[in-house]
Amino acid sequence: MVEEKLPAVSFFDRNFGIQGHDLEKVFATALGRKADYADLYFEYRRNEGVSLEEGLVKNCSQSTANGVGVRVLADAKTGYAYTDDITIENLEIAARTAQYIAQNRPSQLPAAVSQARGEAHDLYPIKTPVNDVALEKKVALLYEIDKFARGLDARVKNVLVSIGAEYKVILVASSQGMVVGDIQPLTRLNVTCIVEENGNRQVGSFGGGGRVEFGFFVDGKDYERYAREAVRQAVLNLSAEDAPAGTMDVVLGPGWPGILLHEAIGHGLEGDFNRKKTSAFSDRIGHRVASELCTVVDDGTIPSRRGSLNVDDEGTPTHRTVLIEKGILKGYLQDKLNAGLMKMPLTGNGRRESYAHIPMPRMTNTFMLAGESPPEDILRSVKKGLYAVSFGGGQVDITSGKFVFSASEAYLIEDGKVAKPVKGATLIGNGPDVLTRVSMVGADLKLDEGVGTCGKDGQSVPVGVGLPTIKIDGLTVGGTRG
Amino acid sequence: MERMELSQDLAREILVMAKAKGATQGDVVMAEGDSFFVTVRMGEVEKISQAGEKRLGLRLFCGNSSASASTSDISRQSVERLVEDTSRMARATAQDPCGGLPAAEELAREIPDLDLCDDAARSVSVDEKIQMALAVEKSALAYDARIINSEGGEFSNHFGRVIYASSQGFSGEYTGSTFGHSVAPVAKFNGSMQRDYWYSSNRKFARLEPPKSVGEKAAQRVLRRLGGRKVKTCEVPVVFDPEMAGSLLRNLSSAISGYALYKGASFLIGKLGTKIASELMTVIDDGTIPGALGSRPFDGEGLPIKKKLIVDKGELRSYLLDTYSGKKLGMASTGNASRSVGEPPGVGPANFYLAPGAHSPDDIIRSVKAGLYVTELIGFGVNMVTGDYSRGAAGLWIENGELTYPVEEITIAGNLKQIFQDIDMIGNDLEMRGRIAAPTVKVSRMTVAGD
């Protein structure tokens with residue numbers, strides 16, 4: 001067994017007395033005679049949250065969790081067991097439980113499970129995780145933001161601020177002899193403002209973060225921008241009119257509206273759905289699924305981003321994967337199980353929420369590459385439509401391809417000009433079809449601020465999205481005004 | 001590091017340790033449980049997962065300031081560090097006049113046996129569970145030739161124990177079990193591919209719906225979606241099937257949560273005692289129903305659980321409150337404190353349901369000349385501050401009182417304040433399939449956006 005002397009490796013040795021030679025016995029149990037592959041996922045995680053409301057830092061909470069998951073693969077079958085008490089004895093018990101999956105299998109040669117290649121990255125070297133910054137400093141920042149936000153507008157009635165920090169150490173060891181570890185810090189700061197005028201109450205939210213240090217928020221006073229944005233959005237909504245209903249041209253602003261790609265395209269290109277042929281994109285590699293202007297990638301290798309990882313949760317180094325190139329579907333997002341069964345390359349997208357969860361193909365940072373149109377030209381080209389610049393969450397039905405995402409800041413476009421703000425409305429479309437109607441792509445690609453969380457099959461993982469300004473010829477807008 | 005067993009004794013010991021560190025009040029939540037699930041797909045076992053977990057959470061007050069912490073490491077050293085960290089953090093937060101535990105005299109004196117646990121959680125074999133998952137999928141796949149694929153059948157069960165102790169003198173625990181099975185078949189016909197889902201969940205293994213009927217229901221649901229199309233944008237009556245009507249009730253429960261109200265983040269602020277909904281609407285929250293999924297013998301602060309009238313013939317009669325949010329609003333807790341281990345309390349409904357009305361679902365559909373029968377809603381387009389509502393929808397078009405063709409890629413929109421007022425028929429088909437339940441509901445007018 002080859003051991004790289006990574007800090008994460010020595011961490012589990014030091015804290016739990018787990019060493020390479022102990023694991024060989026566990027793998028022998030896990031594989032039995034009939035399994036193809038087994039891996040262990042050790043995790044240690046500390047989370048801290050501090051929050052302010054009504055001008056008071058009322059809550060501070062902290063949690064510590066550690067555990068290990070044992071996975072056994074036999075063909076398309078997965079056996080899984082986990083424990084939050086990391087001892088060799090418990091690992092043996094978990095390995096026997098996970099082995100159950102392979103027991104009724106007829107004797108045969110093990111199937112090949114794809115092996116990770118390439119070097120792990122070093123995308124988020126940090127000196128002091130936000131968890132280790134003195135609590136007093138975080139408390140002081142929250143008060144500072146509260147004061148600043150209230151000073152921006154007299155209509156601000158309440159300010160909610162929260163900072164969350166995660167410090168996660170993982171170690172993946174496989175029956176193929178791989179041992180790889182990673183230390184994954186993650187932080188997020190959020191500001192929500194509630195404004196009121198003549199009984200009309202509105203809310204605005206803004207936030208950001210990533211795999212970064214505390215200085216990310218305070219060095220350039222970025223938190224002031226978060227507060228300004230939250231207040232601006234809430235105040236804007238005070239004068240927003242009812243949103244229109246029906247199909248119209250829609251211009252999406254840069255950055256977070258990239259959630260369109262995540263919902264409309266990304267999930268449908270995850271390997272598991274395509275292996276099972278339950279995705280609206282099944283068997284469509286090489287086919288046109290978008291206009292020529294669209295090139296979409298999933299890239300887990302961008303330094304410090306919320307969706308980035310040095311290695312995925314199966315130990316595979318993350319990649320930049322081209323999903324759509326000039327409108328043609330090029331590839332899927334894979335984990336080990338599905339890449340092996342589909343005989344396709346690993347892409348470093350095997351992710352899981354924690355040691356208590358089975359890995360599956362998930363996105364990292366998903367975005368469309370910049371085009372050539374100046375954003376002003378894109379708006380000018382629309383006679384009557386909707387300009388949506390900020391969104392809440394979205395969802396997709398993988399099989400029918402129908403997706404939604406809900407605007408939190410939007411305007412009417414009239415004769416090429418941005419006109420009145422309208423209330424949030426849900427936009428609905430058909431995944432395999434929506435990008436074929438992208439008629440202009442801006443030169444202003446922007447990634448989001450670092451607040452995205454994606455849910456699939458009950459598992460949440462941090463992700464990023466990005467988009468240049470784009471124009472979609474005809475998308476259904478779910479307002480109330482016919 | 002030697003692991004300790006979770007117990008009420010350990011909880012009380014931790015509270016004594018915390019007092020020695022200067023904490024003025026505190027409470028401990030402990031949870032342990034075993035979880036299992038198996039998924040099968042196209043007649044083969046696909047995933048099996050089995051595990052046990054323990055967590056210990058502590059909240060401490062220093063005067064009126066507080067902090068919370070939790071750990072999965074239940075060793076002496078770890079618990080000592082937890083007490084140390086929590087009391088240190090509790091000194092860093094603000095003094096909050098409304099902070100603190102409920103008064104000792106309000107705490108539950110008896111812990112009723114609500115029949116929440118089924119010994120089958122320990123005795124049903126893995127093979128039997130696999131057979132259940134296989135049977136539910138097989139039933140769906142066999143129902144019709146157009147069902148050609150499946151996202152899988154699943155069986156899952158959980159057995160858990162919750163311990164709660166507070167420095168006000170409360171100490172109690174209970175165990176509970178849940179079982180569930182489900183299937184998500186995929187149907188394809190004339191180029192249209194659709195997926196749908198059906199499930200059954202219960203605290204008692206023997207009370208699960210038979211796998212055959214769950215599979216058949218899933219099959220019927222997916223088949224009726226084949227060939228869905230858009231409709232022209234219009235304003236029409238919208239009939240919510242019981243599952244989707246349940247989502248409206250979920251929205252209501254969020255809007256009357258004490259935390260949303262005192263923060264100014266609900267469209268129902270100040271509406272207690274006023275008419276917020278149609279006279280047909282009566283909503284009840286009852287955590288005392290024996291064997292029900294949302295029942296429990298005491299709430300997350302050790303307070304007794306009551307049956308409450310939430311909406312009485314359209315009038316809002318009660319919010320959902322714990323001690324803190326109650327104090328913020330000048331009211332007593334309603335016994336709705338819900339806890340995650342290591343977090344301060346939140347508020348949640350127990351068994352929250354819309355009382356059944358007089359009409360059969362068929363009568364309700366027959367009353368609509370042209371409108372939408374909604375069977376699926378997706379997305380997060382509900383603004384709790386304003387009540388603005390806009391969600392992606394799929395379902396069936398109603399014409400002259402009959403369900404006709406499937407519709408999809410549309411949205412339904414309105415404002416919850418008006419939607420609740422516009423409920424003009426309620427079905428007699430209430431079934432407590434989950435913690436939040438409703439019968440069929442008809443809203444007289446909403447905007448449907450399509451072409």
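In chain B, 5 strands line up as an open sheet in the order β11-β10-β9-β14-β19, with mixed pairing. The edges belong to β11 (315–316) and β19 (436–437) of chain B, each with a single partner strand, so one side of each has no neighbour in the sheet. Keep in mind as you look around that this is a predicted model.

Strand β9 (residues 283–286) of chain B is joined to strand β14 (residues 352–354) of chain B by 3 bridges, and the two run antiparallel. To find one place where they face each other, look for B:V283, which stands opposite B:L354 in β14(B). As background, strands of a sheet pair through backbone hydrogen bonds, in either a parallel or an antiparallel way.

A:K456 has A:Q459 as its bridge partner in β21(A). The hairpin has 2 residues between its strands, and A:D457 takes a positive phi near 55 degrees there. In a regular strand, side chains alternate between the two faces of the sheet. For β20(A), the covered face holds A:G452, A:C454 and A:K456, while A:T453 and A:G455 are on the uncovered one.

Now turn to where the two chains meet. Chain A contributes 72 residues to the contact and chain B contributes 79 residues. Together they bury about 5,800 Å², with 50% of this on carbon and sulfur atoms. Between chain A and chain B there are 37 residue pairs in polar contact, both residues at pLDDT 80 or more. The count of salt bridges between the two chains is 12. One to look for joins the side chains of B:K328 and A:E54, at 2.6 Å from N to O. On the side of chain A that touches chain B, the largest share, 11 residues, comes from strand β2 (residues 56–74) of chain A.

What about cysteines? Over all chains, the structure holds 0 disulfides. A:C60 is in none, and the nearest cysteine sulfur, that of B:C62, is 12 Å away.

Some other buried residues of chain A are worth a visit. A:D146 lies in helix α4 (residues 135–152) of chain A. Is A:D146 buried or exposed? It counts as buried, because its relative accessibility of 7% falls under the 20% cut-off. Leaving aside residues up to four places away in sequence, A:D146 touches A:L52, A:G55 and A:V159.

A:N349 sits in a loop, between α9 (336–342) and β11 (350–351) of chain A. With a relative accessible area of 1%, A:N349 is buried. Its contacts, again not counting residues up to four places away in sequence, include A:D298, A:D312, A:T321 and A:M360.

Our last stop is A:G431, found in helix α11 (residues 431–434) of chain A. Its relative accessible area is 0%, so A:G431 is buried. Beyond residues up to four places away in sequence, A:G431 touches A:A264, A:I265, A:F281, A:G401 and A:F403. A:V26 lies 405 residues from A:G431 along the chain, and their C-alpha atoms are separated by 44 Å.

How values were computed. Residues numbered from 1 in each chain as written. Chains lettered and ligands numbered in written order. Predicted model: local features only at pLDDT ≥ 70, side-chain atom pairs only at ≥ 80, totals over all residues. Heavy atoms only, no water. Disulfide = S-S within 2.5 Å. Pairing = 2+ DSSP bridges. Helix = DSSP H or I, 4+ residues; strand = E, 2+ residues; numbered from the N terminus. Buried < 20%, exposed > 50% of the residue type's maximum accessible area, 1.4 Å probe, protein only. Contact = heavy atoms within 4.5 Å. Buried area = accessible area lost by both parts, 1.4 Å probe. Salt bridge = Lys/Arg side-chain N within 4 Å of Asp/Glu carboxyl O. Polar contact = N/O pair within 3.5 Å; in protein donor to acceptor, adjacent residues only side chain to side chain.
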